[in-house]
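Student: Please walk me through a structure. I want to learn how to read its features.

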Amino acid sequence: MSNRVLSIGSTFPAFKKKVVVSIEKGKEFTEITNETSGKWTVMFWWPKDFTFVCPTEIAEFNKKSSDFADRDAVLIGASTDSEFVHAAWRRDHADLRDLKFPMLADTSKSLAEELGILDADEKIAYRATFIVDPQGIVRWVSVYDLSVGRNVQEVLRVLDALQTDELCPCNWTNDQKTLTAELALN
């Protein structure tokens with residue numbers, strides 16, 4: 001097993017995985033692939049279902065799901081737990097019942113391993129986020145220690161910056177000019 005995280009400029013691996021898309025009986029599960037019809041993809045991973053930090057992040061991604069959709073980005077949450085565990089967790093946790101994005105089940109751990117985010121000891125995924133462009137190329141990667149939650153607003157900020165395809169300075173937000181625009185004025 002490699003501890004090398006798939007990096008910027010790499011092609012995101014092809015996958016076909018089961019996901020949880022609902023808690024309605026008989027409509028809980030489907031399969032998805034990495035084919036996102038020319039859209040940006042934001043895939044975020046958490047270590048384990050039924051834990052403490054993970055639902056805070058998942059709930060925050062859900063609150064911002066329309067912001068990702070407004071940016072023409074497909075949002076996918078993922079862990080190495082099974083689709084049945086995901087479904088049980090969604091039914092059990094009030095903040096997860098109405099998710100607007102799929103929860104991917106990487107029970108074989110194959111995708112997490114290909115991405116280089118599988119913890120060698122526990123065999124669970126690190127808290128990782130990948131932004132993939134419409135051509136399937138990784139444009140941003142962020143990996144956190146298992147105990148630290150991420151900042152969803154920062155993921156949106158980076159997505160905005162990448163979508164400009166221009167030079168963006170430190171702390172740039174989408175209500176500011178890019179450096180490319182400022183240089184063109186000079």
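Student: How much accessible surface does the protein chain have, and what share belongs to carbon and sulfur atoms?

Tutor: Ground rules come before values. This is a predicted model: local features need pLDDT of at least 70, side-chain atom pairs count only at pLDDT 80 or more, and totals for chains, interfaces and linings use all residues. Residues are numbered from 1 along each chain as its sequence is written, and side-chain values use heavy atoms, without hydrogens and water. Accessible areas come from the Shrake-Rupley method with a 1.4 Å probe; for residues, only the protein chains shown count as cover. Here the protein chain exposes about 9500 Å², 49% of it on carbon and sulfur atoms.

Student: How many aromatic pairs does a search of the whole structure find?

Tutor: Rings of Phe, Tyr and Trp (its six-membered ring) pair if their centres lie within 6.5 Å; planes under 30 degrees apart are stacked, over 60 edge-to-face, the rest tilted. The search finds nine pairs. Among them, Phe-12 and Phe-15 are edge-to-face, at 6.3 Å centre to centre and 75 degrees between planes. Phe-50 and Trp-89 are tilted, at 6.0 Å and 40 degrees.

Student: Which parts does the pair of Phe-50 and Trp-89 tie together?

Tutor: Helices (H or I, at least four residues) and strands (E, at least two) are DSSP runs, numbered from the N terminus. Phe-50 sits in the loop between strand S3 (40–45) and helix H1 (53–63), and Trp-89 in helix H3 (residues 83–92), so the pair links parts 39 residues apart in sequence.

Student: Is Trp-89 buried or exposed?

Tutor: Buried means under 20% relative accessible area, exposed over 50%, partly exposed in between (1.4 Å probe, protein chains only). Trp-89, at 1%, is buried. Phe-50, at 43%, is partly exposed.
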